[in-house]
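Trainee: I would like a close look at a single part of this model. Please take me through it piece by piece.

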Amino acid sequence: MEGARMWDRSKVPGGDIAKAVWADLTEMPKHELEVGDPNPTCHPERNPLQAEHHSMDEVEAVAAHLKRSLENVVVELFSKAGAAAALANGPNALHQEDTLKVRWVEAYFPFTSPSWELEVFWQGDWLEILGCGVTKQDLYINAGIPNHIGWAFGLGLERVAMLLFSIPDIRLFWSRDERFLSQFTSIKNINRYKSFSRHPACYKDVAFWLRSSSSSAGGGLRSNAQDFHENDVMEIVREVGGDLVEDVRLVDEFQHPGSGRKSLCYRINYRSLERTLLNEEANEMHEHVRGQLVKKLGVELR
């Protein structure tokens, strides 16, 4: 699910976008949820301001409006879902707002800057449920509305359903297994997913050095520590393994004390929903992943 909000400089009093956005924000409902947000609105390297188009005051206002809007969506969704689950399954069926843990983290997306992800703490780890940011001004310029400024977001409905129903594997949404489908026949109740027999996992690690800004190794465009984003790794793994990849996790990172180069190690869990995956099949996919990481990101395998 995607959405956006825009303001037109030519239609706000005095062309003062920041003032207009803050005024809109005061009309929005306030929630009581404590949200983690430790980073500054912009960072010159990690989360840059579009300085040629926006002032810092404008982006501070737009970011505050964006975050309040999406936080309200999350609070409303989980509050109503919690009430429905409690009615159907008892008061401990789903965490309520007072136990919900939410945080903002910096992110990279090609059409927004600065950008963020909203994560929810689930099953002992943080799960991203949406990405958002201040819309790249080039999009408005190319669309013939250069006076506009705004924000945009994309929400993963499957991720939200995973949280609400305690579903551990996103691939189950495409399963035709009746042991899964039969658990969600009611349109009124929110039931916790009950696990069933699964095929064994096959874990493979891939470790690599990020290229330093002065290095000429590798062929990728997003290969050094400044350009690297974890989403790039996830995308490559999913492109290669598809539905045979259950999970990808960062398990180790190291910075060389002499050169300052950074090394990362990701653990990939290959597992089929339908059959036992052969180790030879997993090895073949894993070698393809390793090759694509070098080709597309310019990393140096360890």
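Which side chain does a polar contact join to that of Asp247?

Mentor: Arg249: a polar contact of 2.6 Å joins the side chains of Asp247 and Arg249. A polar contact is a pair of N or O atoms within 3.5 Å; within protein, one must be able to donate a hydrogen and the other to accept it, and residues adjacent in sequence count only if both atoms are side-chain atoms. A word on the source: this is a predicted model, where local features need pLDDT of at least 70, side-chain atom pairs count only at pLDDT 80 or more, and totals for chains, interfaces and linings use all residues. Residues are numbered from 1 along each chain as its sequence is written, and side-chain values use heavy atoms, with hydrogens and water left out.

Now the setting. Asp247 sits in strand 8 (residues 245–255). Helices (H or I, at least four residues) and strands (E, at least two) are DSSP runs, numbered from the N terminus. Asp247 counts as partly exposed because its relative accessibility is 24%. The cut-offs: buried is under 20% relative accessible area, exposed is over 50%, partly exposed is in between (1.4 Å probe, protein chains only).

Next, the surroundings of Asp247. Leaving aside neighbours within four places in sequence, Asp247 is in contact (heavy atoms within 4.5 Å) with Arg238, Arg267, Ile268 and Asn269. Arg267 is 20 residues from Asp247 along the chain, yet their C-alpha atoms are separated by 8.1 Å.

Then the strand pairing. Strand 8 and strand 9 are antiparallel and share 9 bridges; two strands pair if DSSP finds at least two bridges between them. Val248 has Ile268 in strand 9 as its bridge partner. Strand 9 (residues 262–270) is mostly covered, with 7 of its 9 residues buried. Strand 7 (residues 202–209) also runs antiparallel to strand 9, joined by 8 bridges. There, Phe208 stands opposite Leu264 of strand 9.

Last, helix 6. Its buried residues are Asp232, Val233, Ile236, Val237, Val240 and Gly241. Seen down the helix axis, they fall within an arc of 145 degrees, so they line one face of helix 6. That arc is taken from the directions from the helix axis to the C-beta atoms. The buried residues of helix 6 pack against strand 7, strand 8, strand 9 and helix 7 (279–297). Just after helix 6, Gly242 takes a positive phi of about 55 degrees.
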